[in-house]
Amino acid sequence: MKVVVIGGTGLIGSKLVSRLGGHGHEVVAAAPDTGVDTLTGAGLADALTGADVVVDVSSTPFSGDAAELFETSTRNLLAAEAVARVGHHVALSVVGTGQSPQSGYFRARSAQEKLIENSGMPYSIVRATQFHEFLPRMADSATDDGAVRLAPVLFQPVAGDDVTEAVGRISAGAPVNGIVEVAGPEQFRMDRFFRDLLAARNDPRTVVTDPHASYFGTSLGERTLLPGPNAILGTTHYRDRPDRTGGGNPTGDHAFLHELELTVRAELAEAEAGRLDEAATGLPIEQWLSDPAETQLYEAGLRGLLGAVEAVEEDSRPRDKDLWNRHGRR
Ligand SMILES: NC(=O)c1ccc[n+]([C@@H]2O[C@H](COP(=O)([O-])OP(=O)(O)OC[C@H]3O[C@@H](n4cnc5c(N)ncnc54)[C@H](OP(=O)(O)O)[C@@H]3O)[C@@H](O)[C@H]2O)c1
């Protein structure tokens with residue numbers, strides 16, 4: 001099968017070219033450096049001749065005109081694919097697309113996805129969460145005058161290798177004519193994650209928790225960056241990255257408590273949180289999610305809260321207690 005990888009010299013693109021090549025496919029790495037430019041259309045017709053699949057993992061700068069760049073590139077690409085009678089268009093997009101219309105970047109992604117969906121071309125859209133490799137840039141772009149302003153929202157970063165594997169499999173398979181999400185195996189609270197990461201790297205910047213912090217031009221909800229329940233989950237944990245310094249364990253030695261907190265919060269999101277009160281947990285509300293350094297109080301608060309959530313839900317629905325059971329509920 002001939003596969004053209006648009007953006008084939010980039011982070012994901014170059015991994016994908018190796019992976020697909022290793023599986024015996026004829027692969028073309030298409031990018032400005034190899035004479036193919038989707039913005040101008042240069043080199044596209046030649047590159048696509050005889051292609052069965054085109055995988056678009058190209059990227060544009062996070063600038064105000066992102067929409068125009070994405071739309072122009074995608075239009076040029078889809079038009080060239082139609083002429084070459086390509087049988088499958090695969091595009092790598094971002095989890096959260098469609099949820100943040102205030103962001104020029106997310107709007108651009110939505111526009112790109114709509115063009116693909118309406119093209120009549122068999123397609124697969126793969127939305128990924130933030131790449132592990134991208135996290136230092138996230139901190140940089142949130143930095144202002146030595147302070148890294150981040151919202152206390154959840155995110156679920158994924159290793160580039162895991163994204164590549166998912167995109168590779170989907171590219172070699174039948175078009176899904178829909179959206180598939182790919183994410184990492186664990187969730188983190190963004191402000192804490194970066195606070196730990198920067199501290200471990202002796203980075204002098206301070207992380208400021210700001211619920212209204214802008215993330216590429218938009219404010220974030222608690223779960224905006226999280227995938228849905230059917231996402232493909234990568235197996236690479238951030239803490240296992242060979243180049244990792246810090247991060248991946250946002251509560252220091254209390255990773256278990258962090259996971260427990262996430263479980264509680266996930267339960268809370270589904271439960272009628274309003275019915276929980278001090279009487280139900282046996283602890284003052286301000287101590288429910290107190291400083292993880294006060295381990296015993298913190299754990300007691302979380303356990304009390306989870307118990308109360310479960311009591312509220314008792315007869316209403318089956319629950320996934322895997323996480324809880326894995327850690328040996330006592
Ligand atoms: N970073 C994240 O956390 C994240 C999360 C989810 C999804 N994504 C998306 O995943 C995709 C891949 O990301 P990545 O980190 O692998 O990107 P990357 O390393 O920046 O690579 C981008 C590639 O696109 C090529 N490119 C740029 N302009 C082009 C044009 N006009 N025509 C053809 N090729 C062009 C680049 O070539 P040159 O190097 O020659 O410019 C490069 O090969 C992107 O669409 C990105 O938005 C990223």
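Analyst: The largest nonpolar core has 67 residues, of which Val4, Val5, Ala30, Val54, Val55, Val126 and Val167 touch the most other members. A nonpolar core is here a set of buried Ala, Val, Leu, Ile, Met, Phe, Trp, Tyr and Cys residues joined through C-beta atoms within 7 Å. A residue counts as buried if 20 or more other C-beta atoms lie within 10 Å of its own, as exposed if 12 or fewer do, and as partly exposed in between, with C-beta atoms placed from the backbone. Helix H7 (residues 190–200) gives this core its largest share, five residues. Helices (H or I, at least four residues) and strands (E, at least two) are DSSP runs, numbered from the N terminus.

The model is predicted: local features need pLDDT of at least 70, side-chain atom pairs count only at pLDDT 80 or more, and totals for chains, interfaces and linings use all residues. Residues are numbered from 1 along each chain as its sequence is written.

Val126 may be taken individually. With neighbours within four places in sequence left aside, Val126 is in contact with Val90, Leu92, Ser93, Ala166, Val167, Ile170, Val180 and Val182. Contact requires that the C-beta atoms of two residues, placed from the backbone, lie within 7 Å.

Val54 and Val55 belong to strand E3 (residues 53–56), where Val53 and Val55 point one way, Val54 and Asp56 point the other way, and all are buried. In a regular strand, side chains alternate between the two faces of the sheet. E3 pairs in the parallel sense with strand E1 (residues 2–6) over four bridges, and Val5 has Val55 as its bridge partner in E3. Pairing requires that DSSP find at least two bridges between two strands. E3 also pairs with E4 in the parallel sense, again over four bridges; there, Val54 stands opposite His89 of E4.

Strand E7 (residues 147–150) has a covered face, formed by Val148 and Leu150, and an uncovered one, formed by Ala147 and Arg149. Strand E6 (residues 143–144) runs antiparallel to E7 and is joined to E7 by two bridges, with Asp144 opposite Ala147. These two strands, E6 and E7, form a hairpin with two residues between them, and Asp145 in the turn has a positive phi of about 55°. E7 is also joined by four bridges to strand E11 (residues 206–209), and the two run parallel; Leu150 stands opposite Thr209 in E11.
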